[in-house]
Amino acid sequence: MDKNDNALWEKLLKTKEYQKKAEKYSEEILNIQAVVGANGFGAGKVGKQKLWDASTTLTAWKEAEKEEIHKGAFFLQMVADDQLLARLQEQVSRDSVIRASVRVSHNGERFLMTGPAGKGDDPVLAEVLKKQVIEVVREVEGLGRFTLDRSVDWFHAKVDWLGQEVELSFDQDDEEVMEDAVQTARTLMADREGWDQRIREYAAENLLDLANDWAANAVDPEELDQMEEKGACLVSREAFMKCMVLESIGVMEDGEYEFWFGDGDLFWGHSIHVTGSLKDGPDWAGIEG
């Protein structure tokens, strides 16, 4: 650890935020090696927080001088300013073996860092990591080959939707739930034209006025007055539906689904999101992102 890192850690370990979080952890400091999961360090803030709550997942760990391996879902945590967060993201990459000094939570599921992380070299954990990163696939009859994206824990594949390649996905779950989601996909795919039209019409019905509000903000006021005098709209229903570019479909159990569209600049690059079910049809539309 260089002088800059040392000063950075000393500063953060003395903050009220760190001290408050540390109350939920044992005072004993352990030197561990651990396997990082499918994501590196992420972070968030709530309300008026000044520091980030930073964390990543661990899938296995052991004390540096002991043989016992603990497997499961664990969390490595730290409070961080922008500079430390950047350092954590450099030091702790997804699907890697690391070493760190930590304090353990009372339930044994979380670790609070007490210093920077380094590269691990435990051979047993290296074997755990090797198995962890093996590609997981599911061959689904009539739909294709789905690959597990471990960072979000869902299976996805490219499928043809009315001549356009889109992503089709479903969550990793127990077999019964996944098969139910696959049946949702099969029903949608069997009537692509009907569902495509139904989804687009629902989105236009619920979002057209909003799209025209957004468009009006981008038009010169005098030009807008002239258009209103002629009774012309900025975006027609048909134009709205045509602008929507289908990008992905998520399917769930009980016939539920969600469609994600590129907005064709209707909402300045935001995505159009439509949800619904096979039984009741689309039931919500909004913009996100």
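Close-up 1. D280 sits in the loop that links β14 (271-277) to β15 (281-288); helices (H or I, at least four residues) and strands (E, at least two) are DSSP runs, numbered from the N terminus. This is a predicted model, where local features need pLDDT of at least 70, side-chain atom pairs count only at pLDDT 80 or more, and totals for chains, interfaces and linings use all residues. Residues are numbered from 1 along each chain as its sequence is written, and side-chain values use heavy atoms, leaving out hydrogens and water. D280 counts as exposed because its relative accessibility is 56% (buried is under 20% relative accessible area, exposed over 50%, partly exposed in between, with a 1.4 Å probe and protein chains only).

**Close-up 2. Strand β1 and its two partners.** β1 covers residues 30-36, and six of its seven residues are buried. It pairs with β5 (residues 97-104) in the antiparallel sense over six bridges; two strands pair if DSSP finds at least two bridges between them. Look for I32, whose bridge partner in β5 is A100. β1 also pairs with β3 (residues 52-63), again antiparallel, over five bridges. There, V36 stands opposite L58.

**Close-up 3. D153, a loop residue with a positive phi.** D153 isn't a glycine, yet its phi is positive, about 65°. You'll find D153 in the loop between β9 (144-149) and β10 (154-161). With 35% relative accessibility, D153 counts as partly exposed.

Close-up 4. L162 lies between β10 and β11 (164-171). Its phi is positive too, about 55°, although L162 is not a glycine. L162 is partly exposed, at 42% relative accessible area.
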